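The following paragraphs walk through a multi-chain protein structure. Keep the model open while reading.

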Amino acid sequence: MRFVFYGKRLLSFAASIFILSVLVFCIARLAPGDPLASYYGARVERMSGQEREMAMERLGLNEPLAVQYGKWLERAVQGDFGISYKYKQDVLEVIGARVGNTLLLGGLGFVCLFWLSLLLGIFCAYCAHGLLDRIICTLGTAVSVIPEFWLSLLLIYIFSVTLRLLPGSGAYTLGGGGGFSDRLWHLILPLCAVILGHLWYYAYLVRNRLIEEMRADYVLLARAKGLKRRSVLFGHCLKNVLPTYLGIMAISVPHVLGGTYIVETVFSYPGIGTLAYESARYKDYNLLMVLALLSGIIVIFSSRLGQAIGERFDPRIRSRDRQEPDRG
Amino acid sequence: MNERLRLEHLTVTFDDGAHGIPVINDVSLSLSDGETLALVGESGCGKSMLCRSVMKLLPPAARITSGSIYVNGADITRFGEEKMRRLRGSVVSMVFQDPMTALNPALTVGAQIGEAVRLHERGLSKRDVHARVCELMELVGIADAKSRKELYPYHFSGGMRQRAVLAIALAARPQILLADEMTSALDVTVQAEMLALLRRLQKSQGMAILFVTHDLRVAAQMAKKVAVMHAGAIAECGRVEEIFETPRHPYTKKLLAATPERLKKKEPTASGGEALLELSHLTKRFSAGKTTCVRAVDDVSLVIRKGELFGLVGESGSGKSTLARLIMNVYRPDEGDVRYEGRSVFKRGGTHAEKKRLQALRQLIFQDSASSLNQRMKVKDIIAEPMRLHHVTTKRGDPYAEAAFQLKYVGLSDDYMERYPAKLSGGQRQRVAIARALSMEPQLLVADEPFASLDVMTQAALAELFMHLQKEHGFTFLLIAHDLAMVRLLCDRVGVMYEGRLVEVAKTGDLFAAPKHPYTKRLLDAMPKPW
Amino acid sequence: MYLYLSCSGEGDEGLNGKQKKSRRLERKAEKKPWAASVLLALIVAGCVCGELFMTKDPTFMDLANSERAPGGEFLFGTDTLGRDLFSMIWYGGRISLLIGCISTLLSTAIGVVLGALCGFAPKWLDLALMRFVEIFLSVPSLLMIVFLQAVAGEQNVLTIAVVIGATGWCGIAKVVRTEVQRLRRSEFVIASRCMGGGFFHILRWHLFPNLLASILFMVIMNIRNAIAAESTLSFLGLGLPLEIISWGSMLSLAQSAMFTGAWWIVFIPGVFLVATLLCITKIGAYAQDVLTRKERNV
């Protein structure tokens, strides 16, 4: 029974990736410029007319879009995603060298964001409408509208250029370094930028949901039992808000990932964000397309994972598997 | 007998910024061990606020401005939050009206009852708590407590949830129980069981109960003493027989005059008119989940004659609303047919104009007036809508003039035309819905629980409107209600529905005097008797 | 005397005590965003009538005066290419706001049409379209914008507005879909159908007025997001080129400017950008507050 369930999920995941690749492929094929360049790099300029014809034949570039896609898919499954025009290397190699950095920054940022915004939201709901809450709300709104790139610039300016406390670029100190604490040191500012860019948005959501939840009828009953206000907030309201929060965080992955990319470019952090930026600048469509595909895969994977975790913990769905509703 | 609760000149005000509005105005009451005091009044009179004041769980903008509340002799208006918290649940407990929202959907029922147990009895082991939870659940009549306590509120019906709420309230053996409209949201039969349970518990536990309700008959059943509340003040207080037979306060007199038993009964219409609506073997199935299929309406056959007021009663889940919607062509039946004036409603091959005309002849009035009116349309547009749809030129020319006329006819003045539904009360909204239905001069009016969520006096006004419409204009009514007293007052014939089937149909007098089907008997027995 | 005639005036203005009280409480929370509206109006007015008080030609590159601090001739200083920042702010603001509006128009149109389609569609079509939207959304929006913009080739106001509009419709579509599905099942629509109301009648009288209210907040937020997206894009050099002045393209010189100490190039356009975004957010939040309060009253 379980296998069928997970099998279906896996199939749906694969189908989504497939459709995404079609979408991304079609967009990339609309790009102006020489399509051969993405496979032969600089050699294209030196190819004769006849060689070009043969290459186009072999790659199927003269054929209808569907066939082109088929051929691309065939090669992709074998691990051949083409060559990066700028780096003159296999696309997968180029990405592989950098994806780890992004996952580190983005992953760490997501985890911190998850816990910090939850805690901040709970805190604000606890002192709802009080002075502290109103101050935090105003500050939070102000910070949340700042575009990520400007926030990063600000952080670099204050902490790196003026105060000279933290490094303002790169993942590790050039020439030496690469050690754990060095990497961490370089991560601090970009991490702050990623977190601050989204923190208030989710904290505000938690705060509002909790405040709304506190108006529910069962809260009155809980207090009539003799429970403390704090116990009601944590023991009752939070339990109802958590499933929604998990769902919201699962949807937040593309936003956090996008924010990470921007932060990377400002900090010159060697991740796939800077890679995407460079490939756009240098019209390296092949690399850009694969990056879009990769980002989509990361997002779809995390969202499905989040869904699965949410379902495991949502009491309504869990108990529905066990019994039929009771007619008392 | 110990006096457990005493209110002396209690005043509670709502902070308006400028001046406060007194929600409770100089109220004095007392309650002793083993005694039940019924508190009667319409919505908005302050009864719920009173209960919340005793618990000191008022909304943030409300304050106790003067007077005192003595619980076991101590004035709790002076108590701080911590002291009050220790009283809640252990000395004073409260049960609320809406069982569907009173329980936390994310915790099991057992966990919620267990929480109440653990709060007031420290140092109990897990097993002890479980045992006590089972004990409480059995006390309130939830069978199979051991397995039921692991279920979530989602699995419980309304009556079961209310029992669970009662279990929570009784967990610490309180001396005072505040029952705030405890049975108002329950079906008649379930209500009767709950009231019997409450009486039993009071005998065994000896609590003092403050029973708040808007239903005078229920009040008479539950208590020997009654207090009538109006606009935040106690209008009259005394023994049940005194108040109900010889009321002194004008408000009490008005309230009593509005109960269905006291209203001027309608003259019965001559029977044997021609059939207006014929239902034959109507069946509608809904799928609930992948395998199960629910028969909302199961093989119902019925004839409604011209000019009569037909009442359809049944509890929730009996299929009355689905039947109404089938008649109105909102749903298509799976089997069976609906014939209107001899012509089938569902068969193909009528012209579009004919079909449209058919739609106009039947109008539906919904239960929830708030959701049946578009919040973003003005009243005049709402009433004029059917006229606009059918492009009829009305007697009074312009659709808006007609709308004004209909509005006046149902008892609302002209200046309601420009308002939005949000600014109207429940009774007024219901009247607008009726005006909308009437504007098409229909032959058949189907009213789906029009009295639900309305005050006693508004209900009486609406009932008189219905009687007037039928007498003066010869409308045919299909009235769907769960309030048997209202049905007895208004209807010529009554049909009883149970689980989708029509179990009995008879003339009103015959049905109430000598019910044949066992379910009808059960229903009539559960009706709260007038004093 | 018929009771129903005498009972028409239940309570003052037809509201019982409880309803009046809750109405009064909620009025307390209603704080009109005066400051935000006025500030936004000033900024927009400044951008639109910029020519009236611009001191210099914003496109003129006076290389002799490059990177001058604010003061004197150049109120806000000059940028790396010697252009007067003060004039550039008002001139460029126009472009930023214009892109915001055009792309929002596009995204609203697409969102409403697709959302309504899903709302009315049979279950299988609805599921398929929603799956497609989910996949489309899985690529981070900025990356998608960068991708589409790279594919579009040309970098001008129109292409950027179209690209941003083509990626911002998802939120509105989701809201419209949910609303349409909810409204179709609501009792007043059923009542209208009972009266004989057809598809277009229900669309015009019942769906549109309710829809407008629910998407207003999202539309305002979309304007804000579009302005932010354009500025990010131009900052990266992937949006408007340096020659076309917008707040974003002004900031594209910011990174190098930081290290030469020309803080005004970083701060001033940024402050204007953030102030505009903040005002729009406040107005949007107020709009949502008013609308949800209206629904809660019943």
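Helix 9 (217-225) of chain A contributes two or more residues to the lining of the second largest cavity, and so does each of strand 6 (92-95), helix 4 (109-120) and helix 7 (158-170) of chain B. Helices (H or I, at least four residues) and strands (E, at least two) are DSSP runs, numbered from the N terminus. A cavity is a set of points, on a 1 Å grid over the protein atoms alone, where a 1.4 Å probe fits but cannot get out, and lining residues have an atom within 4 Å of a point. The second largest cavity holds about 70 Å³ of space. Its lining has 13 residues, and those closest to the centre are Ala224(A), Lys225(A), Ser93(B), Ile168(B) and Ala169(B). By class, nine residues of the lining of the second largest cavity are nonpolar, three are polar and one is charged. Here Ala, Val, Leu, Ile, Met, Phe, Trp, Tyr, Cys and Pro count as nonpolar, Asp, Glu, Lys and Arg as charged, and the others, Gly among them, as polar.

The model is predicted: local features need pLDDT of at least 70, side-chain atom pairs count only at pLDDT 80 or more, and totals for chains, interfaces and linings use all residues. Residues are numbered from 1 along each chain as its sequence is written, chains are lettered from A and ligands numbered from 1 in the order in which they are written, and side-chain values use heavy atoms, with hydrogens and water left out.

A search of the whole structure gives seven cavities of 30 Å³ or more. A volume is the space filled by probe spheres set on the grid points, which are joined across faces, edges and corners. The largest cavity contains about 120 Å³ of space. Two or more residues of its lining come from each of helix 10 (229-267) and helix 11 (272-281) of chain A and helix 6 (141-152) of chain C. Helix 10 of chain A gives the largest share, four residues. On the chain A side, the lining of the largest cavity includes Gly258(A), Tyr261(A), Gly273(A) and Ala276(A); on the chain C side, Leu142(C), Val146(C) and Leu236(C) are among the lining residues. The lining of the largest cavity has nine nonpolar residues, three polar and no charged.

Just after helix 11 of chain A, Lys283(A) has a positive phi of about 55°.

Chain A as a whole has 13 helices and zero strands. Of its 328 residues, 49% count as buried. Among chain A contacts (heavy atoms within 4.5 Å) with a separation of 6 or more, 68% are between residues 24 or more positions apart. Chain A is divided into domain 1 (2-77) and domain 2 (91-314), with bounds from an automatic or database domain assignment. The C-alpha centres of the two domains of chain A lie 33 Å apart. Their contact takes 15 residues from domain 1 and twelve residues from domain 2.

Now to the charged pairs. Over all chains there are 36 salt bridges, each a side-chain nitrogen of Lys or Arg within 4 Å of a carboxyl oxygen of Asp or Glu. In one of them, the closest N and O atoms of Arg132(B) and Glu121(B) are 3.7 Å apart. Arg132(B) lies in helix 5 (residues 126-139) of chain B and Glu121(B) in the loop between helix 4 and helix 5, so the pair ties together parts eleven residues apart in sequence. Arg132(B) is buried at 9% relative accessibility, while Glu121(B) is partly exposed at 27%. Arg132(B) also forms a salt bridge with Glu135(B) (3.0 Å, N to O). Glu135(B) and Arg132(B) sit three residues apart in helix 5 of chain B, about one turn of the helix.

Another salt bridge joins Glu187(C) and Arg325(B) (3.3 Å, N to O). This pair crosses between chains, from helix 9 (residues 187-195) of chain C to helix 12 (residues 320-327) of chain B. Both Glu187(C) and Arg325(B) are buried. Arg223(A), Glu81(B) and Arg88(B) are joined into one network by salt bridges that share partners.

Notes: On a 1 Å grid over the protein atoms alone, a cavity is a set of points where a 1.4 Å probe fits but cannot get out, and a pocket is an open set with protein on both sides within 12 Å along at least five of seven lines; lining residues have an atom within 4 Å of a point. Buried means under 20% relative accessible area, exposed over 50%, partly exposed in between (1.4 Å probe, protein chains only).
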